[in-house]
Every structure is written in C-alpha cells, then in structure tokens.
Amino acid sequence: MTADYVCNVRKKQLDKHDYDNAIEDPIAEDIAVVMCDGAPCSQYMSIIAEDRNEEDGKKSYPGLMSFFGGFHTLMKCANCNGEMFANILSTFVASWRNSTKKVEWFTLPSDPKQREAETPQHTAAHYAAAALPLKEKFGSWPSAVEVNNHMMERAEKYPICALVLLFLRSEVILKMLRASEKIGKRGCVELFFYCLKLDVPIFAVTHKTDYMRLVCFSSGISARTPSRQGDL
C-alpha cells in the first residue's frame, strides 16, 4: 500500500507541474525514494525485486528505491550481539549491574548509545586479564600483538576463551559501524556495508532474516546459496 502511495505521489507531482522547459528533468522522473526501518525496508526490497522481473510496460513500481538507516541497523547489531553472547554477558555484566533488567539494558539496548559508556571498560578488562599473566611470566607488559597472539592460542585450547574472543571481535564491528556514521561530512558508506557483511553470520545465528536479506540485496550477496569463503 505504501509503495503504491509513494509512486502515486510522484506521478501526481509530475502531472501537476510542467517540466518541459526546465533546465534538467526532475529526479522524480527516474526514482522514488523510501527511507524506513529494517523490516519495512526488507519488504520493500522484495516488492522491488519481484517488480524488476516484469516487462517495462507492466512494472508497478518503476524507479522505486528503499534504504534502511544506520540507527536501527546499529541497534539491531547490538541486540544480536547481546543475544549471541548472552551466556557470558549475563555473568560479566552482572558484576556491575545487579539485576536482570539492568543487565538487559546493556545486552539488549533500545538505543545503541546505551552501551557506549560501559563498553570501553568492559573490553579493556578482558584484554587486561589476558595481559596480566604475560606480565607475570616475562616481567614486563606485553605488546598488543603479544596479547592478541596469547588470546588466539588460548581460544584454540579452551571454548570459553574462544567465545570471549569472538565477542570482542563482534564489539569491534559495532565500533566500526558506529564510526562509519562519523567519518567525514556524510559518513562512510563503504565501511557501513563492510561491517554489515561481517555481521551476516551473527544475523544468521540469531535468525534476523530481515537484516540478512537487506545486506544481501544491498551488497549483491546471494541470499539463497552459500557464499564462497572470503565473500564475507
């Protein structure tokens, strides 16, 4: 219904005004743009994909384009992160948040900014826990590379260490996604979609099919066949 409305408004606008003498044709002759949240955007993209298979004279939504925004995308990624790592987060976050609701405020945020104040300390604590044994062993603070190598070695031996390391990597994706909106005057679209590609496995594990389809539609990844290794 809303897709019909958008295209009808565009048609009425073009019919109402005489653009024959304009210096250049209005952009509305070529596209109609819709900005929306993830789930509606996924539905729009399905409609658009089906409409593209029709012959030119039979297309119902020619030029219709749909885009999803960064706020809800970042919030969805943070929630997926909280769902996937709920077991360890319920233990770690509970060390400074003393109720289930307070823990969920961090793990399942309604605003992605909710986690920003506490995430740096939480992340630093995990890296410090990995660095301290190395300091005790060698007598000096290790480098970032040495800490990373140590964490990788531990992750290969112990599943709980692998889970924590995977969580820390997913936190980096969230930070990069947030940074993509702040780079330059208009943000960095390339970094935004690169981060979403990295998040596809998390979307899959947490059954966020709408956002999987959005990333696939927007990035040209096949939503029906497995991607080759290295595509994500």
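**Ground rules.** I am working from a predicted model, where local features need pLDDT of at least 70, side-chain atom pairs count only at pLDDT 80 or more, and totals for chains, interfaces and linings use all residues. Residues are numbered from 1 along each chain as its sequence is written, and side-chain values use heavy atoms, with hydrogens and water left out.

**Salt bridges.** I found 5 salt bridges in the structure. The term means a side-chain nitrogen of Lys or Arg within 4 Å of a carboxyl oxygen of Asp or Glu.

I looked up K208 and E83: their closest N and O atoms are 3.0 Å apart. K208 sits in the loop between α9 (189-205) and α10 (209-219), E83 in helix α3 (residues 70-84), and 125 residues separate them. Helices here are DSSP runs (H or I, at least four residues), numbered from the N terminus. K208 counts as buried because its relative accessible area is 15%; E83, at 38%, is partly exposed. For these words I used under 20% relative accessible area for buried, over 50% for exposed, and partly exposed in between (1.4 Å probe, protein chains only).

Next came R97 and E118, bridged at 2.7 Å, N to O. R97 is in the loop between α4 and α5 and E118 in the loop between α5 and α6, so the bridge ties together parts 21 residues apart in sequence. R97 is buried at 14%.

Then I checked E116 and R178, which meet at 2.9 Å, N to O. E116 is in the loop between α5 and α6 and R178 in helix α8, so parts 62 residues apart in sequence are tied together. E116 is partly exposed at 37%, while R178 is buried at 19%. Shared partners join E116, R178 and E181 into one salt-bridge network.

**Loop residue Q114.** Q114 also lies in the loop between α5 and α6. Buried or exposed? Buried, because its relative accessibility is 12%. Its side chain makes a polar contact with that of S110 at 2.9 Å. That term needs N or O atoms within 3.5 Å, one able to donate a hydrogen and the other to accept it; residues adjacent in sequence count only if both atoms are side-chain atoms.

**Helix α6.** I noted its buried residues, among them H122, H126 and L134. The buried residues of α6 pack against α4 (86-92), α5 (100-107), α7 (144-157) and α8. Just after α6, G139 takes a positive phi of about 85°.

**Helix α8.** L163 is in α8 (residues 159-180). L163 is partly exposed, because its relative accessibility is 31%.

How values were computed
Helices (H or I, at least four residues) and strands (E, at least two) are DSSP runs, numbered from the N terminus. Contact means heavy atoms within 4.5 Å.
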